[in-house]
Amino acid sequence: MLIDKIEALKGQLAELTASNAEELENLRIKYLSKKGEMAALFNEFKTVSADQKRELGQRLNELKTIATEKINALKETIGTQQKEANKIDITRPSFPAQLGTRHPISVVRKQIIDIFSRQGFTLADGPEVEDDWHVFSALNFAADHPARDMQDTFFVEQDKDDVARNIVLRSHTSSVQVRTMETQKPPIRIICPGRVYRNEAITARAHCFFHQIEGLYIDKGVTFADLRQVLLNFAQELFGSETKIRLRPSYFPFTEPSAEMDVSCMLCGGEGCGFCKHTGWVEILGCGMVDPNVLEASGIDSKVYSGYAFGLGIERITNLKYMVKDLRMFSENDVRFLDEFKSAH
Ligand code: PHE
């Protein structure tokens, strides 16, 4: 009987539950769709006798309202549950975000640049892949100088018969010296930080690439005394105002006279200790007066102008400041090592 089916369905509807949108949709299809149970009852309604039509029609319509309301009510509950689940808890502690640190080489490079900037030097830059002229020939290297050999320099292109055609990875930043002299008129006062490459086996004390900063000052009447004063200021700003310097005669093809500079040992203050091999001094850079040949090669009149140049290794200075014993640590990027420089800014 239709009346019994209506009552049974009413009972079922009262019990309905759905825990998610998919279950709810299945219920909607089961009861309210064209092929659903409600539709089946309306079909059956067509066959009831005329005297029953009025009452059963009313009941059926009531049942349809109940079913629709039930489905809507369930829809609302699932909606609010979903919203609750999506809510962001702004009181929750955030994930510990790992902050990076500056690389020690960058830290020290910046310190060095800052010191020379305060003394009037500006930054210059040049390519790492260079031609023979800028790395060797313009810097007064003889054609048979050992640095032009495969053992010492990385060649990108090598012409055995004509060295002038060689293309190399620059083995020092002095190439930027040449580029600047070619394009600027004196007075020139620049520093050029950059990466350089040498054909060395990688050990704790040597690497096939490292970083240098080259300095160059050219003007009328520049003397060795000017060079010494700039380097003394530099050493005292970097290692402390008590620091002493000494210049030892040396040789570079592009400077004459040339010198190597030592600073008083930063560990013992010059008394002598294991670190400075009991000499009281540690070597930190090479320097000298720019050779007239070098000035002329770049189109600067050596009778009018003179100048000095110096070059230092950033890794070397970093080792001295932070006592890093193994050069390889600078390029391995072990986070435990880099983290040690968190406060060194
Ligand atoms: N270019 C030299 C080197 O790489 C350093 C240097 C630069 C020396 C300038 C003197 C003057 O060792």
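I take contact to mean heavy atoms within 4.5 Å. The model I examined is predicted.

**Entry: helices H3 and H4**

I first looked up which residues of helix H3 touch helix H4. On the H3 side I found Met38, Leu41, Phe42 and Phe45. Their partners in H4 are Lys53, Leu56, Gly57, Leu60, Asn61, Leu63, Lys64 and Ala67. I then sorted this contact by class: eight residues are nonpolar, two are polar and two are charged.

Next I looked up the geometry of the pair. H3 covers residues 37-45 and H4 covers residues 50-86. The two helices pack at an angle of about 170°, and their axes lie 11 Å apart. I therefore record H3 as roughly antiparallel to H4, since angles over 145 degrees count as such.

**Entry: overall form**

I turned to the protein as a whole and noted 12 helices and 10 strands. Its radius of gyration is 41 Å, whereas a compact globule of 345 residues would have a value near 20 Å. I also noted the extent of the C-alpha trace, which spans about 130 × 55 × 40 Å along the principal axes.

**Entry: contacts and surface**

For sequence separation, I considered contacts between residues at least 6 apart in sequence; 65% of these join residues at least 24 apart. I looked up burial next and found that 41% of the 345 residues are buried. Finally, I recorded an accessible surface of about 19700 Å² for the protein. Carbon and sulfur atoms account for 52% of that surface.

How values were computed: Residues numbered from 1 in each chain as written. Predicted model: local features only at pLDDT ≥ 70, side-chain atom pairs only at ≥ 80, totals over all residues. Heavy atoms only, no water. Axes fitted to C-alpha atoms, helices over the stretch in contact; angles between N-to-C directions. Helix = DSSP H or I, 4+ residues; strand = E, 2+ residues; numbered from the N terminus. Parallel < 35°, antiparallel > 145°, perpendicular 65-115°, else oblique. Nonpolar A, V, L, I, M, F, W, Y, C, P; charged D, E, K, R; others polar. Rg over C-alpha atoms; globule rule 2.2 N^0.38 Å. Buried < 20%, exposed > 50% of the residue type's maximum accessible area, 1.4 Å probe, protein only. Areas by Shrake-Rupley, 256 points an atom, 1.4 Å probe, with all protein chains shown as cover.
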